[in-house]
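I opened my notebook beside this entry and wrote down what I looked up, step by step.

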Amino acid sequence: MLHRRSTAESYEKIATVIFDHSTKAAVALAKEVRDLIETKNKAGQPAVLGLATGSSPVPFYRELIRLHKEEKLSFKNVITFNLDEYYGLDTDHPESYRRFMNDQLFDHIDIPKKSIHIPDGKVPGDQIFDHCRDYEAAIDAAGGIDFQILGIGRTGHIGFNEPGSSRESLTRRITLDRITRQDAAADFRGEENVPRFAITMGVGTILRAKKLVLIAWGENKAGVVAKAVEGPVSEAVSASFLQDHPDARFFIDSGASHELTRRKLPWLIGPVKWTPQETRRAVCWLSSSVNEPVLKLTDEEYNEHGLSDLLSEHGPSYELNIRIFNQLQHTISGWPGGKPDADDTFRPERAKPYPKRALIFTPEPQDAVVSIGATIDRLVEQGHEVRVVSMTSGNLRVPDSGVNKFASILLEIASTIAEGWSEQTDYARHILQLLAEKGEFGEDPPLLRQLKGLILRGELRDAAQGLGLAQENIQFLDLPFYESGRYRRFRTSDEDTSTIAKVFHEFKPHQIYATGDAADPSSVSALCFRLIEQTLAQCQKEDWAAACSLWIYRGKEKALATHEIDMAVPLSPNQLERKERALTRYHSLTSLERESPKLNQQTAQQYDSLGLAHYEAIESFQRWRRT
Ligand code: GLP
């Protein structure tokens, strides 16, 4: 039986501050760092900072740069130690952490080069031990780390301390976990190119810091944040060791807080306002906790699980169960565009107008097919006017081998079939030359990025054809923010929103499907979603916008939880197979993306356990609620 406790802290074993947006957290963190630097300066001592890489610290670094440029914060008296570095990468490799730190921070502030310390990813194998020992000694010689900034990987790692790292571990070489390599796949244009090893400070090294803040954004981090903050201290989640540190805190955004007890199960902590969403969440949770379908939940089970409040407001259980069961039942619809000529009182989408203009945004060319391929299939089959809009070209994820293959085929055609293709031959040779010049890890010049984008266009057209969608219904925006940036470091502009606005004005959708609301804010999908939101806000007075519904779908990492679903599109085994077949048309899918049909099957199993019909798979959607 679960007993109600009085405060969130009784569950949270690390002080956790939830900010409504990551930029606010970044500003608060930068202010603390600034205070430290200034206090140390006054005392005539250097401030020693431990720094992290990844997307999470990017807004924090941007704020530090702003403080330097606009408010004259000097870093002359700062010494830094970075947590880790990929092993085997040259320092100027675009994905090396040294390069990342230079681009994101060091090149924009006045820190002396000699004060920067980052493990050397190219140290020869027989010198790794000495290098790591020297790194530890350098930290001690600087007086220890005053303030350590940390991110968290999905395996729960801090630095690169993968599961199994002991509390006492020191700086050393480590083998990267499969999940970590999956997460880095896009950066390296494919999992196979992600380094297998890294040099990282150990857990013991990190815990020696006097003060630490771990930052995490987006719902994809919510599960691991909850494990670290509320779970047992364990080598399985190295961030959980922070529970034993006297001055460690988590700064997280609202998305990353979703799995904390105070957010997920607030009724265990204190009084709850029983909104319809909260009620549905509680009932779904109870059903899965006691492993009983919704209609079989009893008054006793509600009471024993901290839900007596809910019963007294909305009970008895019999009536509450039926109400929630019906709500869940009404989310199921095989008619994502609305069922023409049917009573739509309890259907997720309105019946009229029919047919509808459905606009499907895919942040990169593969995302929509991976996440909602079968719904696209349905919409087309049910006679709606479907337009798939690929927001970015996705070219950064295409491996060089794709370009090589294309150029080689072109050369072969020119030499065997197509006489007089001299321009094409020149083009293909030029491409091959560019490939050779930039080497395995060099940055792609614009011509290569362009060709990689075209290859993905071909893949999307091919996959969409498998779903019955004609070529002319696919539009490629190649949003400028993506074309001029790299993963984790993009910056959007008005040019991006005006490109999206043109699509709205021209197509005037009745329905929009989009993703990215809950993702890490620096990810392509989150940036794309924010652009859609901004553009919609600009268009809100237009007739089409007032009547347009916006359906959120989730990407590959995490499906919507059952209580969050407003529309569940069930798939038969054949429909799932069609989606799987469409996915095989993509060559550059990550293993997570390839496995996405499994998430659809899991959602179907969850509906089954709640006592609803058991389908082969379900694609799920949440209605967008303006905040
Ligand atoms: C890498 C880094 C970690 C970082 C993690 C999360 O694994 N070695 O230090 O915390 O990525 O990165 P992101 O902030 O991009 O999610």
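How many helices and strands does the secondary structure of the protein come to? I found 23 helices and 17 strands, taking helices (H or I, at least four residues) and strands (E, at least two) as DSSP runs numbered from the N terminus. The radius of gyration is 26 Å, close to the 25 Å from the globule rule for 627 residues, so the protein is as compact as a globular protein of that length. For my own reference, that radius is taken over C-alpha atoms, and the rule is 2.2 Å times the number of residues to the power 0.38.

A note on the source: this is a predicted model, where local features need pLDDT of at least 70 and side-chain atom pairs count only at pLDDT 80 or more, while totals for chains, interfaces and linings use all residues. Residues are numbered from 1 along each chain as its sequence is written, and side-chain values use heavy atoms, with hydrogens and water left out.

**Whole protein**

I noted that the C-alpha trace spans about 80 × 75 × 45 Å along its principal axes. Buried residues make up 57% of the 627; buried means under 20% relative accessible area, exposed over 50%, and partly exposed in between (1.4 Å probe, protein chains only). I then looked at contacts (heavy atoms within 4.5 Å). Among those between residues at least 6 apart in sequence, 77% join residues at least 24 apart.

**Helix α9**

Next I turned to α9, residues 276-290. At 1.5 Å a residue, its 15 residues should span 21 Å, and the end C-alpha atoms are 21 Å apart, which agrees; the expected span is 1.5 Å times one less than the number of residues.

Why did I call α9 largely enclosed by the rest of the structure? Because eleven of its 15 residues are buried. Among them I listed Glu278, Arg280, Arg281, Trp285 and Val290. The cover over the buried residues includes α8 (261-264), α10 (299-304), α11 (308-314), α12 (317-331) and α23 (596-609). After α9 comes asparagine 291, with a positive phi near 60 degrees.

**Aspartate 517**

Where is aspartate 517? I located it in the loop between β14 (511-515) and α19 (524-539). Aspartate 517 is partly exposed, at a relative accessible area of 34%. Leaving aside neighbours within four places in sequence, I saw aspartate 517 in contact with Phe529, Ile552, Arg554 and Gln622. I also checked proline 597, which is 80 residues from aspartate 517 in sequence and 21 Å away in space, C-alpha to C-alpha.
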